[in-house]
Each structure stands twice: as C-alpha cells, then as structure tokens.
Amino acid sequence: MGGISRALISVSDKTGVVDFARGLVAHQVELLSTGGTARLLREAGLPVIEVADYTGFPEMLDGRLKTLHPKIHGGLLARRDDARHQQDMQEQGFPAIDLLCVNLYPFAETIAKEGVGLDEAIEQIDIGGPTMLRAGAKNWQGVTVLVDPADYPLVLQEMHASQGGVGAKLRFRLAAKVFAHTARYDGLIANHLSRHLDSLEEPNDFPQVLTLQLTQKQGLRYGENPHQRAAFYADGSASGLAQAQQLQGKELSYNNLSDSDAAVNLVVEFSEAACAIIKHGNPCGAAIGRDAADAFARAWSADPVSAFGSVIACNRPIDASVAQLLTESFIEVVLAPAIDAEAAAILARKKNLRVLAFGDVAQWRQPGAWDYKRIRGGLLLQEYDDLVEDEAQWRVVSERQPSAAELQDLRFAWKVAKHVRSNAIVYAADGRTLGVGAGQMSRVDAARCGAAKAEELGFSLQGAVLASDAFFPFRDGVDAAAKAGVKAVIQPGGSVRDAEVIASANENGIAMIFTSVRHFRHG
C-alpha cells in the first residue's frame with residue numbers, strides 16, 4: 001500500500017478539488033500547487049506551498065514555464081525501490097512526490113468554439129501538465145496519479161481505509177487512465193493542426209492525420225455471427241446508444257446494437273409520433289400516428305410476420321398503453337426517450353426483453369458528427385446523412401401535381417427510404433409503410449419486391465405513394481409501380497433517362513417529385 005506524504009495539485013477543471021485537497025490534508029499530506037489552483041486552496045483555508053517557492057525557480061513566460069523543473073520531475077520519476085535513484089534524490093535534496101492531481105488546458109473546448117483561430121488554439125496546448133502526468137504514471141508503483149475529478153472519492157476512500165495509502169491495483173488503473181487521457185489530448189491536437197497543413201487560415205474539413213480514441217463500453221458474447229469475437233466501444237459523444245440507459249432485459253448483442261441504432265436514427269426524423277420496426281438493419285414497418293400507441297400499432301400492422309424478433313423504437317415516451325401492446329409479441333429490443341413507471345412494470349413481465357431509454361430526441365443527432373466505415377486496410381469517413389432538406393428545392397416534374405394528402409405521404413415515405421438499404425423502394429399510404437423493397441441489385445427488382453410484399457400482406461397499393469432512394473435509371477420501375485396502383489412518386493432525379501421516366505409518370509397519371517438529393521445506404 002503506497003503511503004502519501006506529498007501531493008502536487010494543478011488543475012484547469014477545479015470541480016471537487018477543494019474537497020479532495022481537504023481530504024488529503026486530513027491525512028497529513030503536504031500540498032504543492034500552482035497559480036489559480038494554489039489561490040483557490042489557500043482561499044479555502046488549506047496550507048499550500050507554491051511550486052515556485054518549492055523549486056526556488058519563478059514562473060516564466062506568462063506561466064508557460066512553471067513545473068518543468070528537476071525537483072518536480074525527480075520527485076515523480078524516482079523509483080522508491082531503486083537505491084541509486086534514492087541516492088540521487090538525497091544528494092540533490094529532492095523529496096518524493098507521492099500523488100499528482102492534474103488536468104489539462106481545455107483544448108477540446110477551445111476548438112469547439114465558433115471562430116477560434118489557430119493561435120488561440122495553440123495557446124491551449126498544455127506542456128507541463130502532460131509531462132508531469134506521463135512521469136507520474138510511468139512511476140505508478142510509487143505515485144498515485146489523477147486526471148479525472150470522478151476519481152477523487154475513490155482515492156480518499158482507499159486512503160481512509162488503509163491509514164493514508166493507495167493500493168497498487170488502483171494506482172495502476174489510474175495510471176492507465178492517464179495515458180489514455182494524454183493520448184486523446186495529443187490526438188485532438190494532431191487532428192486539429194493537421195487540418196491546417198494546406199492553409200493556416202482556412203482549415204480542411206478532413207485532417208491529414210486522424211486519431212480516434214474509443215472506450216470499451218461492453219464486451220459482447222459474439223459478433224454478427226457466433227464465430228466472430230466482438231465488443232462495443234463508445235467514442236465519447238454526448239448522445240447515442242452508449243449513453244442510453246438499459247432498464248431491463250438480457251445483455252445487448254452485436255446485432256441488437258446495430259438494429260437499435262438504425263431504429264432510433266429513423267424515428268428521430270419525425271416531429272410527429274413515430275415508430276420504426278427494424279429487422280436485419282431495415283425497417284419492415286414504420287408509421288406515424290396520433291401518439292406512440294397508435295404509431296406502434298400501425299407500424300406493427302405493416303408487416304407483423306417480419307416484425308417477429310425485431311427491434312422497435314418510438315420517438316415518444318412509452319406509457320402503459322404502448323407497453324401492453326409490446327408484451328403481446330416476441331420483440332428483442334424496445335427503445336424510447338423514456339419509459340414511465342407503469343409501463344416499466346408491464347414490460348418487466350417480459351424479463352428477457354431489452355428496454356432502453358435513449359433520452360432527449362433532439363440530442364440524438366450531434367452537429368458535425370462523423371460516420372465511419374471500416375474497410376480492410378483503412379477507414380472511410382463521411383458526414384452523417386443528416387441533411388435537413390429544403391422542400392422549396394423539390395420540383396414537380398410531372399403534368400399532374402400531387403394532392404395535399406399525397407404530398408404528406410411522399411414526405412413520410414422519403415424519410416423512411418433514407419433508412420432502407422439500397423436499392424431501396426418504399427410504398428406508403430396514410431403515414432404507414434405498405435411494402436419495402438430493400439437491398440436489391442436493381443431498382444426495378446426493389447420496386448417489384450416491395451409491391452409483392454404489400455400484396456402478400458393483403459395491402460392494396462391503389463392510390464399509394466412510392467419513394468426511391470436514388471433515381472430510376474429506366475422507366476421500368478415506374479411502370480411496375482403504376483401497374484401496382486401507385487399515384488405519386490418521389491425520387492432524386494438525375495438519370496440520363498429522366499425524360500423517359502417522367503413520360504411513364506405522365507402516361508399513368510402519376511405525380512412525380514424530384515428532390516435532387518440522393519440517399520444511398522450501403523450498410
């Protein structure tokens with residue numbers, strides 16, 4: 001158990017630091033500190049020695065040079081079990097520093113601000129802090145190193161339980177956390193600076209060097225298939241499945257997580273009450289309704305066969321009426337912004353059902369977030385397909401204008417199609433999907449598959465609408481839709497055969513809108 005006689009505290013984030021320092025003093029620990037931290041501790045009535053007084057060397061360069069001194073780094077780096085190290089320390093008169101509490105200049109917060117220039121960002125690159133942290137963490141067998149205020153209580157509890165010491169297990173865990181922290185800090189700096197390699201004034205959108213850090217959130221039994229090992233990692237975003245709260249049920253699987261992400265991504269498209277039912281990454285049913293119960297019932301009725309063993313998301317809190325419906329069938333996962341107490345009690349009857357609350361719908365999408373796709377030997381990086389489309393840019397290219405009811409259904413189907421694997425066709429009416437053609441190699445096959453699914457389920461497509469995630473390369477897809485009874489189509493347009501496609505629409509009395517926006521989704 002490593003005893004603590006001397007601590008150096010120098011923090012940018014001062015959350016909890018006074019109470020932590022007070023706890024150290026209660027164990028007769030001598031406090032060293034710098035600048036604003038020293039002033040804060042002194043104002044709290046705690047005895048503290050300024051680092052400049054401790055080293056006999058004044059701060060310089062507007063505070064850039066404070067702790068880079070042999071007396072500081074010797075106290076952190078000297079091994080307690082090495083006689084030569086101890087002899088060197090005695091000869092120089094350098095005491096050991098047993099605990100280091102440091103967090104770094106707010107570089108991430110600075111570059112997140114609008115209009116921050118390169119010079120301002122560089123001023124927030126901490127030098128002394130990372131140097132001390134790495135020194136103390138390297139010597140973890142003799143030094144307790146803290147970089148996160150959340151760990152202050154853990155250290156004080158262990159000190160209290162062991163008459164002032166900190167055990168090796170906690171010291172090592174804290175040291176590992178330090179290296180992860182400094183690696184992330186350096187990665188942020190490298191990412192930001194490498195955006196400026198072509199121009200100091202105008203940064204590139206994509207850095208020349210991309211450093212990512214993710215933290216394991218959960219080990220998984222296996223991956224997409226039982227022979228594949230897997231784990232779930234979080235990237236530190238303020239929203240997403242890593243931040244969702246699992247309220248009950250079995251542990252989430254790889255496929256559960258993938259489908260859950262797809263489900264929430266779809267329902268947050270809508271301001272109306274909406275429900276999405278996902279199977280193997282695609283919506284087998286989606287609907288809007290008066291409330292969550294109505295939206296769920298309508299989405300489920302869109303394809304109750306495929307919905308067996310599905311993942312379901314609502315964009316409204318789940319109450320007892322929804323919960324009762326959910327317990328009537330086999331479902332893998334249910335997600336909603338919140339689940340009220342009565343609903344939770346009903347869902348608890350299905351003990352294996354995984355139930356997650358993902359919080360504020362408006363927070364699900366983070367502006368500027370990136371979408372990553374792993375390929376062998378590299379990583380593809382793009383913006384999320386979160387474009388908010390301007391309907392003023394949509395064009396009616398057919399002779400017939402869509403009716404108000406058709407236009408409302410076209411909006412709905414277009415949002416759903418964005419979340420279907422390409423080639424994607426969605427048939428819809430009255431705010432509900434009727435048939436989904438997903439992942440086909442040709443667009444006409446997607447149109448035929450979706451129509452066949454609707455027919456299989458007993459739905460008439462007479463008067464329905466169709467959404468296509470990309471343009472029709474030939475008129476055959478529209479011909480097939482017309483044969484099924486479709487009366488309005490929404491698609492990006494842009495084919496060299498657009499004139500033929502529009503001609504098919506006009507011949508069949510179909511209203512057609514070009515959005516000029518494509519929504520490919522290749523998984």
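Residues are numbered from 1 along each chain as its sequence is written, and side-chain values use heavy atoms, with hydrogens and water left out. Because the model is predicted, local features require pLDDT of at least 70 and side-chain atom pairs count only at pLDDT 80 or more, whereas totals for chains, interfaces and linings use all residues. Helices (H or I, at least four residues) and strands (E, at least two) are DSSP runs numbered from the N terminus.

Helix α10 (residues 168-194) packs against helix α8 (residues 128-138) at an angle of about 150°, the axes being 9 Å apart. Axes are lines fitted to C-alpha atoms, for helices over the stretch in contact, and angles run from 0 to 180 degrees between N-to-C directions. The two helices, α8 and α10, are therefore roughly antiparallel to each other; angles under 35 degrees count as roughly parallel, over 145 as roughly antiparallel, 65 to 115 as roughly perpendicular and the rest as oblique. The crossing of α8 past α10 is left-handed, a term for a near helix turned anticlockwise from the far one by less than a right angle, with clockwise giving right-handed. On the α8 side, the contact (heavy atoms within 4.5 Å) involves Pro130, Leu133, Arg134, Ala137 and Lys138, and on the α10 side Ala175, Val178, Phe179, Thr182 and Tyr185. This contact of α8 with α10 comprises 7 nonpolar, 1 polar and 2 charged residues, where Ala, Val, Leu, Ile, Met, Phe, Trp, Tyr, Cys and Pro count as nonpolar, Asp, Glu, Lys and Arg as charged, and the others, Gly among them, as polar.

Helix α10 also packs with α9, at an angle of about 160° and with axes 11 Å apart. That angle makes α9 roughly antiparallel to α10, and their crossing is left-handed. Leu154, Val155 and Glu158 of α9 meet Leu170, Arg173 and Leu174 of α10, a contact of α9 with α10 that divides into 4 nonpolar, no polar and 2 charged residues.

An open sheet of 5 strands, with parallel pairing, has the order β4-β3-β2-β5-β6. Strands β4 (49-50) and β6 (144-146) stand at the edges with a single partner strand each, so one side of each has no neighbour in the sheet. Pairing requires at least two bridges found by DSSP between two strands. Strand β2 (residues 6-10) runs parallel to strand β5 (residues 99-102), and 4 bridges join them; Ile9 stands opposite Cys101 in β5.

Helix α12 (residues 292-302) is mostly covered, with 8 of its 11 residues buried. Buried denotes under 20% relative accessible area, exposed over 50%, and partly exposed in between (1.4 Å probe, protein chains only). The buried residues of α12 are Ala292, Ala293, Asp294, Ala295, Phe296, Ala299, Trp300 and Ala302. Their cover includes β11 (273-279), β12 (282-289), β13 (310-314), α13 (320-326), β14 (331-336) and β20 (432-437).

Most residues other than glycine have a negative phi, and most peptide bonds are trans. Gln28, in the loop between α1 (17-26) and β3 (30-33), has a positive phi near 65° and counts as exposed at 67% relative accessibility. Asp430, in the loop between β19 and β20, has a positive phi near 55° and is exposed, with a relative accessible area of 60%. The peptide bond from Ser422 to Asn423 is cis, with omega near -10°.
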